[in-house]
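Let's take a walk through this model together, one contact after another.

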Amino acid sequence: MAAFSLGWCEVGGAPSDGSREGKGVRQALAVLCAEAAGAPPDSAVAAAVAVELVHTFSLLHDDIMDGDGTRRQRETVWKAYGTGPAVLAGDALLALAVQTLAEAPGPLTAVAVGRLSETLSGLARGQAEDLLLAARPWTGPGAVRTDEYRAMAELKTGTLLGCAAALGGLLGGAPEPVVAALDRAGRHLGVAFQAVDDLLGIWGDPAVTGKPVHSDLRERKKTYPVLAALGRDDRRSAELAGILDSPVPLDEAGALRAAALVEACGAVTPPWRKRVTIWTPPASACGVRPSPRARRARSRCCSDSCSAAGCDRAGIRRIGGCRGRGRRHRRRGEVRVCATRGGRPR
């Protein structure tokens, strides 16, 4: 089951062609941040393995709680093997993640394990917040505000990305201000991830996402574009609320109308069609001067982060993305990552 969840095999153990494996963003981020600290990449291997195992564990449990039957264009683990076995497989992956990091050589292992433990608490809190937000009404005093949703996204998605970056820097020997800056940057990147995921859930190309178009609307998921549209409090948002509150399942025409209303309310313009700014202080502010290896790694990290946020493979169909591929923007220590596709907004 663990190998199946990682995309290494099919149900029953037959080898997979590798097309169902994840992007490996978190493990890559850990290694790149160790290099940015001037350390060799193998210094962060234990951290890279640990965060990827934690990520896989979280997907197994999230799919069960959300009732999702497909992931990466095939059955989820609980659908293929049953709920109980999937829960146990996730627990085993979590235990293995902690063990892998605890066995890492070096004097900072205990600090690294402590940071991972804090991350796990943040992940659990983020998932709990997500479940609570899902149960709240679409409109009225109890409706979900966009700032509440963003805070949830930072916990649920950004916490682990921040941990990956911070662990790479920590095990790479970076000073605490640099580790803290890497953690903050990873958290912001997590919000950008969620931005792209929310766009794909409504307008994504099924060939890329593996889900039907308008899937999040059909499932009535509370996503940022929908919440922002409902916050307009006008005739179109009232119509959208009526569609989402209806007990009748959304057919193709209803989902298409709901998507048109979200776009008509302007919910996909700021900040989703704009570049998401991820600010990190310049190296001089952290008291270090990056080595040539660190500068090269930082350049790669910026480019990979842009791709990670969905720049090259988002597959957004109706919303104009950006020109260019993974273009980086630098100004006074600032790294700007496009939330749709790398480069300049159309």
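Where is A135 found? A135 sits in the loop between α6 (109-134) and α7. Before going further, a word on the ground rules: this is a predicted model, in which local features need pLDDT of at least 70 and side-chain atom pairs count only at pLDDT 80 or more, while totals for chains, interfaces and linings use all residues. Residues are numbered from 1 along each chain as its sequence is written, and side-chain values use heavy atoms, with hydrogens and water left out. Helix and strand labels follow DSSP runs numbered from the N terminus, with helices being H or I over at least four residues and strands being E over at least two.

Back to A135, which is exposed because its relative accessible area is 68%. On this scale, buried means under 20% relative accessible area, exposed means over 50%, and partly exposed lies in between, using a 1.4 Å probe and protein chains only. The C-alpha atom of A135 is 9.6 Å from that of K222, although 87 residues separate the two along the chain.

The crossing of α7 and α8 is right-handed, a term used if the near helix is turned clockwise from the far one by less than a right angle, with anticlockwise giving left-handed. Sorted by class, the α7 contact with α8 has twelve nonpolar, nine polar and five charged residues. Nonpolar covers Ala, Val, Leu, Ile, Met, Phe, Trp, Tyr, Cys and Pro; charged covers Asp, Glu, Lys and Arg; the others, Gly among them, are polar.

In the loop between α3 and β1 (70-71) you will find G69. G69 counts as partly exposed because its relative accessibility is 24%. Between the C-alpha atoms of G69 and A80, eleven residues apart along the chain, the separation is 8.9 Å.

Now for the rings. How many aromatic pairs does the count come to? The count comes to two aromatic pairs, where rings of Phe, Tyr and Trp (its six-membered ring) pair if their centres lie within 6.5 Å, with planes under 30 degrees apart counted as stacked, over 60 as edge-to-face and the rest as tilted. One of them joins F4 and Y81 edge-to-face, at 5.7 Å centre to centre with 75° between the planes. Since F4 lies in helix α1 (residues 2-5) and Y81 in helix α4 (residues 77-81), the pair ties together parts that are 77 residues apart in sequence. F4 counts as buried at 4% relative accessibility, whereas Y81 is partly exposed at 27%.

Y149 and Y224 form an edge-to-face pair as well, at 6.2 Å centre to centre and 65° between the planes. Y149 belongs to helix α7 and Y224 to helix α11 (residues 224-230), so this pair ties together parts that are 75 residues apart in sequence. Both Y149 and Y224 are buried. D147, also placed in helix α7, is partly exposed with a relative accessible area of 46%. D147 and Y224 are 9.4 Å apart, C-alpha to C-alpha, and 77 residues apart in sequence.

Charges meet rings too. R74 lies over the face of F4, at 3.9 Å from the ring centre, and the charged end of R26 sits over the ring of F193, 5.7 Å from its centre. The rule asks for NZ of Lys or CZ of Arg within 6 Å of the ring centre and within 35 degrees of the ring normal.

Let's finish with the backbone. Most residues other than glycine have a negative phi. R220, in the loop between α10 (215-218) and α11, has a positive phi near 55°. D233 has a positive phi of about 55° although it is not a glycine; D233 lies in the loop between α11 and α12 (235-245) and is exposed, with a relative accessible area of 71%.
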